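Have the model open as you read.

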Amino acid sequence: MIDKTLRSCPRIGINMTIMPTEMPATILDAIQRSLLNAARHAPGEVGPAAILWPDADGQWQSLIPKLRNLMPQLLVLGTCDPEQRQGPAIWIRCVIEGALPEVLLPERSVPVIYMPNVSRQTLRNVEECPWELQPLVELQYRGTVWCQRNGKDWTAEAFLVSEDTGLGLDVSKDIQTRRAMLGALGQLAVTPLVRLRGKRLEAEDFDKLVIEDTPRNLLEWMNDPQGSRQKWDNARWLAFQSRCKAEYGFDPKADGELVAAERLGMRDGVWLGVWQRYSEAPELYPAIPYLLDRAKPAGRLLFVKETWPDENAEEEKALRKALLDLADLKAAEGRDQVAKLESIHGVRRKWVWSKLGHSALAIALSHLTSLAIHTRVGLGGDSLATMMDLYTHGGYLADDAVLRALAEVKSAEDHEAVSGAIRAIYLPWLQDAAEHFQKVMAASPLPTKGDENKASISAEGGTCILFVDSLRYDLGQRLAALAEDRKLRVSKDKHWAALPTVTSTAKPAVSPVVDQIIGHRLGEDFVPIVAEVNQPVTPDRFRNLLTSAGYEYLLASETGNPQAADARAWTEYGEFDKLGHDLQAKIAGRIDDQLELLVDRIEELLEAGWREVRVVTDHGWLLVPGGLPATSLPKYLTESRWSRCAAIKTGAHVTVPTTGWFWNPTEVFAFSPGISCFGKGFQYAHGGVSLQECVIPDLIFSSDVASAEISAKITEVHWRGMRCRVSIEPVSAPVTVDIRTKVGDSTTSITAPRQADGEGKAGLLVENDSLEGTTVSVVLLDTSGRVVAKRATTVGGEE
C-alpha cells in the first residue's frame, strides 16, 4: 500500500534557495537561518543526515506554507502529498535515502523534517514510539534535532525571546499575551523585525497584527492569485476587492495581477507604500519578480529602474564585462576604473534585488573598492617593526577585501570577473610588498628560538589555549569582531611566525612547551625534536609534553575541568588550512561559517567556566585567484620541495633566497622569491616569507561580565518545579539574585529579584509556566545593579 503510494508520486524538481548575507528581516527569516545553522558541524565530523524539527503542540504549523517557499529541503510529516513535500515517516526516509528518484532535494543540503504534534521525547522513547514514526527514530542519531541548548523543543515564545536565536524580543509574560502571540503567529512571522524591536510586546500588539493589512494581502495575492482566492472565503475576497478599489484604484478581478505588478513597479502615489512593504521582506513573495518582468511597460521611458529585475540584470551584465576588461589595465588604472564603477553600480546594493541574491557583482564591487583603496599605497618601511605596523594598521584590509569579494560570487562567470579584477590590482601590490619584506628580513632576520624579542606563549590559571591552524591576521580581526558582537571581551596582539611558515615548524613555536623542543638537523619535513628523548615532535609526544607541563589536553568536543585548582588547557579547532589546500581560492566562501563555528567553540569554553580563552595560530597564507606565479627550483637540488619552501641537499647551490630555520638558525632552507611558488597551479600557499604568512594574531577572549569590587559566585542552582533555589559564596556577599533571558538587560527578568539571605541563599519563583524549558541565566547583582556573576540554567531544571 505504502510502496504503491510512493511510486505514484510525481517527479519534483527543486532549486536551492540562496541565503542572504544580511541580518534576518523577519522571524520567518530567523527560523530559516536557525534551521540551517543546525546543520553546522565541527571540523572532522560527518554532517547530519537530517534536521528533525519536533513540535509537540503544533505551534509552528501556520508557518509551514511560507517556509516551503524558502526552504526546498523542508519535508513535512503527514498524509502523502508529494507536491507539498509531505508524507508519512516511511516516505520521508525514502526521500532522504535517495530511494525515490522522482523526488529531488537540493544538492549539498541537509533535509529538514517538520513533525507536527510530535515531541522529541516521543522519538527518544524507542520502545514505546508509535510504529508509524519508527522509520524516523534512527535519524535522531545520524542527524540532529532543532532544539534549545537545554534539549527542549523550540516553542514560539522561547524562540522569540531567546538570545540564542539572535532575536531577543521583549515579550510580556502573561497568559493573554501568549495566547495572542500564538494566534497571530502567521502574521507575526512575516512582520519586519524593525517593527518589533525596541518595545515590550503585549497582547494588544499581537492582536493588531491579525487585523486586515491591505498591503500585505495585496502582495500575497500578487504572489499567488489562484492560491489566495482559494484560501480566502467569499466574504474576505469581496472585502479585499473593496479595499483595493478604495485605497489603490485597482480591481483585482477586473484588472488582474499584471496591472498590479505594473503599478507596483512604477511606484506612483499610494503604490510607493506597497513597494516599501515588498522591499522589507521580498523573499516572502518569490513570484513577484517574474510578474514585474512580464508587466514592465514596453517602449516607455522609465525614470525609475530599481523596481525592474531585468534592469538590474542588464546592469550586472555590464559590470561583469567592465571587470573582465580590467585585466588589460595597469594596476593604478584598474583602481581608478573600480572607483568609477562603484559610482555607477554602488547604488544597486540598496535595491531589493540585492536582498534576493541577484546583485552579486554589485556587492562584490564594494569589496573591490576597499581593495583598490588599501592597495594605493605600498607597504614600505625600513625595519621589520615598521612593516608589521603598516600591515596591522590597515594593510591587512586588502587581504580581507579579496576574501570578501570572492565570497560574494557563486557562478563561474562572476567568479572569473571578480578574480580578474583582483589579479589586476592586488597581485602587483602583493608582489611588491613581499619583495620589500624579504629584502628587509635579509638584513634583519625574524626572531628564532632563544631570541630575547621572541614572544612566548603561556597561560595563567583558568586559561584555555585554543590553537587554530592557519588563522591569518585578517581572519583574526574578523574573529575578534564577531566575538565582540556576541558581547565577549577581546584583547588583541600580534607576533612573528616561526620560519618556515609550515605547521610542523610553527605550531610548536606557539605552544607553552616551546622550551622543551629543540632543533638539530632540518630534515625534509621541518620537524623539531623533543629535547628530553631526542625524538621528532609527533602529535602523541606533543600531547605528552603539554600534559606533563600541567595542561589538560582537550578534544574538539570537550570542555575540560576549568574548576580545578590552577586549571590550564590546550585544545585545537578549525579547518582553515585543510580547506585552503582542498578548495584553493574557493575557501573564501567557507570563511564566515568557519569563523562562526570558532566563536561557538570559544563561547562553549567560556560558558564551561574557563576565565579566558587564548587563541593562537602557527602561520598565515597567500591567496590569489587564478594562481600565484611560479619560480624554478630543480628537485634534484632539494631533500623536499613544498609550495613556498624547500629543504636543500647538502652541498647543493641554489639561486633562490635562503634563511635560517627557527629551531636552529645554522640550518638553512630555501624559500621562493616574492609571492611565487615552486610549481604551478597554487592559488593558496604558505611556507614562505611574506607579511601575510609571517604576521600572526594572538587573541584573548573573556566573558563580558562587569568587574566589580564585590566578589561572589554561584555555587548551586536547584529547581523544584518552577521554584529556583540559588546558593552563593561568600554567604555574606551583599548581592541580589535575578533570573533573566538576557544577562545584562534587567527588563528581561522573569521573576521578582531577591537579596541573598544570611546563609547565602535565595528562592525565586517563575510564575509563567510556558517558560518551562527555556534557557536563561541566574545572575548576581551588586548594589549598583552590575552583574558580578552568572550561570546558565533551564527553567524547571534539566530533563
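## Positive phi in two loops

Asparagine 117 sits in the loop that runs between strand 4 (112-116) and helix 5 (120-124). In this predicted model, its phi is near 65°, a positive value in a residue other than glycine. Asparagine 117 counts as exposed because its relative accessibility is 52%, and the cut-off for exposed is over 50%.

Phenylalanine 526 has a positive phi too, of about 60°, although it is not a glycine. You'll find phenylalanine 526 in the loop between strand 10 (517-518) and strand 11 (529-530). Is it buried or exposed? With a relative accessible area of 0%, phenylalanine 526 is buried.

## Two cis prolines

Most residues other than glycine have a negative phi, and most peptide bonds are trans. The bond from leucine 499 to proline 500 is cis, though, with omega near -5°. Proline 500 belongs to the loop between strand 9 (488-496) and helix 26 (503-509).

The peptide bond from glutamate 729 to proline 730 is also cis, with omega near -10°. Here the proline lies in the loop between strand 24 (723-729) and strand 25 (736-740).

## A buried arginine

Arginine 614 is part of strand 15 (residues 612-616). It counts as buried because its relative accessibility is 11%, and buried means under 20%. What does its side chain pair with? The side chain of aspartate 698 makes a polar contact of 2.6 Å with that of arginine 614.

Beyond its neighbours within four places in sequence, arginine 614 is in contact with residues including Ser456, Thr463, His495, Leu699 and Ile700.

## Helix 24

Helix 24 (residues 427-443) has 17 residues and spans 25 Å from first C-alpha to last, close to the 24 Å expected at 1.5 Å a residue. Its buried residues include Leu427, Trp429, Leu430, Ala433, Ala434, Phe437, Val440 and Met441. An α-helix has 3.6 residues a turn, so residues three or four places apart point the same way.

## Cavities and a pocket

Helix 12 (214-223) and helix 16 (271-280) each supply at least two of the lining residues.

The second largest pocket has a volume of about 660 Å³. Of its 23 lining residues, Pro65, Lys66, Glu220, Ser228 and Lys231 are the closest to its centre. By class, that lining has seven nonpolar, eight polar and eight charged residues.

How values were computed
Residues are numbered from 1 along each chain as its sequence is written. This is a predicted model: local features need pLDDT of at least 70, side-chain atom pairs count only at pLDDT 80 or more; totals for chains, interfaces and linings use all residues. Side-chain values use heavy atoms; hydrogens and water are left out. Helices (H or I, at least four residues) and strands (E, at least two) are DSSP runs, numbered from the N terminus. Buried means under 20% relative accessible area, exposed over 50%, partly exposed in between (1.4 Å probe, protein chains only). A polar contact is a pair of N or O atoms within 3.5 Å; within protein, one must be able to donate a hydrogen and the other to accept it, and residues adjacent in sequence count only if both atoms are side-chain atoms. Contact means heavy atoms within 4.5 Å. On a 1 Å grid over the protein atoms alone, a cavity is a set of points where a 1.4 Å probe fits but cannot get out, and a pocket is an open set with protein on both sides within 12 Å along at least five of seven lines; lining residues have an atom within 4 Å of a point. Grid points are joined across faces, edges and corners, and a volume is the space filled by probe spheres set on the points. Ala, Val, Leu, Ile, Met, Phe, Trp, Tyr, Cys and Pro count as nonpolar, Asp, Glu, Lys and Arg as charged, and the others, Gly among them, as polar. The expected span of a helix is 1.5 Å times one less than its number of residues.
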